[in-house]
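Try each task yourself before you read its solution.

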Amino acid sequence: MKWLKRQLRIGIPRSLAYYSFYPLWKEFLEKLGAEVIVSNATNRKILEDGIKETVNDACVPIKVYHGHVFDLAGRVDYIFAPRMVSADGKSTFCPKFLGLPDMVRFTDVDLPELIDVRYDCSGFPGGQLRFFISVARAIGIRNPFKIVYAALRALRKHKQYQGLLLKGFNPAEALQIIFSRQQQQGINVNKKESDAGRIKKAVIALLGYPYAIYDPFISAGIYDKLIRLGVEVVTFEQIPLHVMRRFSKVLPQNFFWYYSNQVCWAGLYLLERKKFIDGMIHVTAFGCGPDAMVDKTLELEAKSAGVPFLGLSIDEHTGEGGVQTRLEAFVDMLWAKQKQGRAG
Ligand code: SF4
């Protein structure tokens, strides 16, 4: 326990669940009085540091996560590394998420104390409350009023963030809005207005785990490359969970894993409305067990719906040039198909 006079510095690795929960974590920790420091954007050093300390067959996001933890070492009093178990009380995060704090703890790197508390929303809202209380206690805060106040502010921020993702903002844009003065001044930010008038070549469903799609280093910038190619991108975050969940009844068996289910349900939802999309890209992480099943399911479903499908596997050797060529070829094919359809 660290009873420090100065403000506690808590580091959050910019990886994995960061893309879904950062506003919740940041707001809660700040309202408890801590200073939040995020690791640097993924770069070659972060990746290589992560590779050195992880087992060979770990997926690239897990390797990168380790690199982000090491990036924070020496700069903070604690590293926030919760054990992500369940966000919806039904499915769990993949087994590598469950063991993550232990994997990090047993590396050879000298690390500050980890805030390793269980995030398990089974029995919601009790599960979330348990999480908040455990985090606060881990940094020596026991005042229930302070904890409840911080939790309510954090949940509000999380809701704002999710609302912006639903509107079509990517995580980087949404974070900028909610933690910038624009939001504080109550400026209404509407994605559709800002995008109005832009001519789009095609609409592509870009499916995959947020930490694979939105980390420009490990994904070789797939999201931004598609935007630059004039494509409108739809991701699973733009579909309300209760809408996607209807597709849990379509498959004979759902996956056990939180993100895998959402990616798959979103794919099925978009394929059912195939006239709104021109193609589907699934970004998979090499070495990911769940992805092997999700990718095959989406590929088969896209094929039977007649929607062009591209599976892109990323690993630590993924190069910008190769990704760019494959995306350009895919978008050109969709564009040619569209023109053919109009001519016919
Ligand atoms: S779901 Fe796949 S990519 Fe994500 S952490 Fe687990 S194994 Fe890695």
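Two notes before you start. Residues are numbered from 1 along each chain as its sequence is written. The model is predicted, so local features need pLDDT of at least 70 and side-chain atom pairs count only at pLDDT 80 or more, while totals for chains, interfaces and linings use all residues.

**Exercise 1.** Work out the order of the strands in the open sheet.

*Solution.* Start with the terms: strands (E, at least two residues) and helices (H or I, at least four) are DSSP runs, numbered from the N terminus. Two strands pair if DSSP finds at least two bridges between them. Next, read off the order, which is E2-E1-E3-E5, with parallel pairing. At the edges sit E2 (35-38) and E5 (113-115), each pairing on one side only. Now zoom in on E1 (residues 9-12): four bridges join E1 to E2. Ile-12 stands opposite Val-38 in E2.

**Exercise 2.** Find which residues of helix H2 (residues 44-52) are buried, and say how they are arranged around the axis of H2.

*Solution.* First, the cut-offs: with C-beta atoms placed from the backbone, a residue is buried if 20 or more other C-beta atoms lie within 10 Å of its own, exposed if 12 or fewer, and partly exposed in between. By that count, Ile-46, Asp-49 and Gly-50 are buried. Looking down the axis of H2, these buried residues fall within an arc of 100° (taken from the directions from the axis to the C-beta atoms), so they line one face of the helix. Finally, check the face turned away from the buried side: it carries the exposed Arg-44, Lys-45 and Glu-48.
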